[in-house]
Amino acid sequence: MDRLTTRASGFVATAAVHVGIAVLLLAGWQVTRPKPQPKPIIAVPIPVPVDRPELAAPRTSDLPVTIDIAQPVWDETRPEPVVTPPVDRATGGTNSGDTGIGQPPLPPPVASGPSRGARLIAATAMQPPYPSASRALGEEGSVELMVSIDDHGQVTGVNLLRSSGYARLDAAAIAFALKRWRFEAALENGKPVAASRRFTIRFNLSEAG
């Protein structure tokens with residue numbers, strides 16, 4: 001028992017010695033460890049802004065003005081006179097002689113004369129006969145026609161513009177105009193031309209007799 005106590009005491013004493021040595025070492029390291037030096041502060045001079053006076057833009061009136069006026073150039077050459085060759089009345093063109101210069105022939109003169117529309121020949125009967133069936137039924141009315149006439153005075157076509165209201169009266173008026181009417185052709189500057197005329201035919205029982 002005494003041996004165990006002695007061994008334990010020795011172990012404790014050894015451990016205490018080691019702990020003391022460690023404490024001394026740590027304390028010495030804390031004492032001898034160099035402290036970090038602070039970084040040096042470098043002063044940088046800041047330039048003070050200097051107000052510079054603004055340069056004023058030059059006015060238009062202060063700028064030099066250069067006026068360059070072109071001098072007129074006078075042309076002393078005179079235009080050559082234009083010579084018009086005489087007109088040849090026989091051919092209607094110009095007689096240029098030996099110059100070889102010619103002009104197109106003049107157009108033929110326009111013939112002048114009377115102008116008028118087509119006229120119904122006086123001897124031609126204009127009123128068609130009254131259809132017997134229309135007379136018996138008391139049919140009356142007016143038929144309006146557009147008559148086409150050629151340059152010989154012949155009727156070439158008849159168009160119904162307004163009906164009388166009865167087909168028999170309309171047909172009688174158209175057939176009579178195509179077969180019996182004759183005209184003097186219309187004139188334009190004295191020449192016969194084709195034309196058209198409007199006519200109205202009335203069917204009235206009191207006038208039929």
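Mentor: In this predicted model, β2, which covers residues 141–149, pairs with β3 in the antiparallel sense, and 6 bridges connect the two strands. Within this pairing, Met146 has Asn159 of β3 standing opposite. The sheet as a whole is open and has 3 strands, in the order β3-β2-β7, with antiparallel pairing. Its edges are β3 (155–162) and β7 (195–203), each of which pairs on one side only. On average, neighbouring strands of the sheet are turned by 25° against each other, with direction ignored.

A helix comes next. Residues 167–180 make up α3, which lies across β2, β3 and β7. Relative to β3, helix α3 runs at about 155°.

Now the aromatic contacts. The count of aromatic pairs comes to 4. One of them is formed by Tyr130 and Phe203, whose ring centres are 5.5 Å apart and whose planes make an angle of 85°. This arrangement is edge-to-face, because an angle over 60 degrees between the planes counts as such. The pair links distant parts of the chain: Phe203 belongs to strand β7, while Tyr130 sits in the loop between β1 (119–120) and α2 (132–137), and the two residues are 73 residues apart. Tyr130 counts as buried because its relative accessibility is 13%, and the cut-off for buried is under 20%. Phe203 has a relative accessibility of 2%, so this residue counts as buried too.

Strand β7 also takes part in another pair, made by Phe183 and Phe199. Here the centres are 5.8 Å apart and the planes stand at 50°, which gives a tilted pair. Phe183 lies in strand β4 (residues 183–184) and Phe199 in β7, so the contact ties together parts of the chain that are 16 residues apart in sequence. With a relative accessible area of 4%, Phe183 is buried. Phe199 is likewise buried, at 6%.

Strand β7 holds Phe203, the partner of the loop residue Tyr130, and Phe199, the partner of Phe183 in β4.

Technical notes:
Residues numbered from 1 in each chain as written. Predicted model: local features only at pLDDT ≥ 70, side-chain atom pairs only at ≥ 80, totals over all residues. Heavy atoms only, no water. Pairing = 2+ DSSP bridges. Helix = DSSP H or I, 4+ residues; strand = E, 2+ residues; numbered from the N terminus. Axes fitted to C-alpha atoms, helices over the stretch in contact; angles between N-to-C directions. Contact = heavy atoms within 4.5 Å. Phe/Tyr/Trp six-rings, centres within 6.5 Å; stacked < 30°, edge-to-face > 60°. Buried < 20%, exposed > 50% of the residue type's maximum accessible area, 1.4 Å probe, protein only.
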